[in-house]
Amino acid sequence: MVKIVGDEGPAVLLLPGGAEAAEGFFPGLVEGLLADPGVRVILFDRPGVGDSIAPGGLADAADALHEAIGENGPVVAIGQSLGGAVALLLASQHPEDIAGLVLLDPTPITDPKLAAMVEKRAQQAVKMFRMPVVGAILRGSLKRSAKKSVERHAMRPDVRDAMMTITDLDAPKLGRAVVGLADIGAALDLSTVPRVPAVVVTADRKPSDPIRAAHARIAQEIGAELVSWPRAEHAVHLTHPDEVLETSRAVISATKQG
């Protein structure tokens with residue numbers, strides 16, 4: 001089901017990470033963009049993720065999003081983690097749907113080794129979470145890590161709640177959400193991504209880190225600016241929500257100027 005928040009202005013498509021639901025994943029972002037510059041936000045859980053009950057997976061993501069966007073496009077696609085990878089798939093397969101891109105520490109879908117590693121680790125997580133004792137230990141570890149992040153970044157209440165929500169990981173759903181990631185990434189041709197206002201945000205990693213290097217290559221190939229903020233974590237939309245809001249506003253503004 002497609003939900004549109006806002007009555008006028010540029011269209012923005014939110015693509016959450018993992019297999020999470022779109023609504024509530026980016027705390028404060030919808031409200032901030034509605035206030036300035038004034039947008040229409042498209043909330044849609046593609047098949048296989050969030051609250052969607054439609055059959056499908058990563059291979060069907062771009063077509064499902066294209067259908068959901070319909071006459072509301074083109075959109076500024078804002079995607080975190082796997083949502084960032086899905087934004088690239090949409091931009092490659094349906095370039096007419098894209099007016100701008102904000103990729104927040106996207107899954108490195110274009111790097112064969114890293115994409116295969118992400119897919120493998122997700123499948124391993126499914127098996128481990130199914131083990132009662134091991135699963136309980138992992139869930140406890142996730143919550144402790146999230147609480148440390150909340151304290152480290154002095155997160156406001158809505159951001160804190162979103163951070164704790166994503167620790168209730170649905171491992172089987174996540175495992176299904178990344179099926180085919182490596183093969184789909186190998187077939188992804190970034191030369192077909194339209195040259196639109198775009199930013200790739202990478203977490204605060206060392207310059208030699210392979211994920212940062214993968215993000216730099218993506219940014220270069222699609223003509224995007226590469227941005228990183230001090231202490232930014234993978235969940236950059238939660239560790240740096242104000243910066244994400246301002247970056248999104250800047251990209252939306254650039255699409256208007258274009």
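**Helices α2 and α3**

I started with the pair α2 (residues 61–69) and α3 (residues 82–93) in this predicted model. Their axes come within 9 Å and cross at roughly 75°. The axes are lines fitted to C-alpha atoms, for helices over the stretch in contact, and angles run from 0 to 180 degrees between N-to-C directions. I therefore logged α2 and α3 as roughly perpendicular to each other. The classes I used are: under 35 degrees roughly parallel, over 145 roughly antiparallel, 65 to 115 roughly perpendicular, and the rest oblique. Helices (H or I, at least four residues) and strands (E, at least two) are DSSP runs, numbered from the N terminus.

I then listed the contact residues, with contact meaning heavy atoms within 4.5 Å. From α2 I have A61, A62, D63, L65, H66 and I69; from α3 I have V86, L89, L90 and Q93. By class, the contact of α2 with α3 has seven nonpolar residues, two polar and one charged. Ala, Val, Leu, Ile, Met, Phe, Trp, Tyr, Cys and Pro count as nonpolar, Asp, Glu, Lys and Arg as charged, and the others, Gly among them, as polar.

**Ground rules**

I noted that residues are numbered from 1 along each chain as its sequence is written, and that side-chain values use heavy atoms, with hydrogens and water left out. As the model is predicted, local features need pLDDT of at least 70 and side-chain atom pairs count only at pLDDT 80 or more, while totals for chains, interfaces and linings use all residues.

**Helices α5 and α6**

Next I took α5 (residues 132–152) and α6 (residues 157–165). They pack at about 160°, with axes 9 Å apart. That makes α5 roughly antiparallel to α6. On the α5 side I found K143, A146, K147, S149 and V150; they meet R160, M163 and M164 in α6. The classes for α5 with α6 are four nonpolar, one polar and three charged residues.

I also checked A154, in the loop between α5 and α6. Its phi is near 45°, a positive value in a residue other than glycine. A154 is exposed, at 64% relative accessible area. The scale is: buried under 20%, exposed over 50%, partly exposed in between, with a 1.4 Å probe and protein chains only.

**D105**

D105 also has a positive phi, near 40°, and is not a glycine. I located D105 in the loop between β5 (98–104) and α4 (112–130). D105 is buried, with a relative accessible area of 1%.

I looked for its polar contacts: pairs of N or O atoms within 3.5 Å; within protein, one atom must be able to donate a hydrogen and the other to accept it, and residues adjacent in sequence count only if both atoms are side-chain atoms. The side chain of D105 makes one with the side chain of R205, at 2.7 Å. Another, of 2.6 Å, joins the side chains of D105 and H234. Not counting residues up to four places away in sequence, D105 touches S81, V201, T202, A203, R205, H215, H234 and V236.

**T202**

From D105 I moved to T202, one of the residues it touches. T202 sits in the loop between β6 (198–201) and α9 (210–222). T202 is buried, at 1% relative accessible area. Its side chain has a polar contact of 2.8 Å with that of H215. Leaving aside neighbours within four places in sequence, I have T202 in contact with D105, R212, H215, L226, V227, S228 and W229.

I found a cis peptide bond between D36 and P37, with omega about 20°. P37 is in the loop between α1 and β3 (40–43). The peptide bond from G73 to P74 is cis too, with omega near 0°. P74 is in the loop between α2 and β4 (75–80).

V30 counts as buried, at 14% relative accessibility. Setting aside residues up to four places away in sequence, V30 touches V5, L14 and V41. V30 and R139 are 109 residues apart in sequence and 29 Å apart in space, C-alpha to C-alpha.
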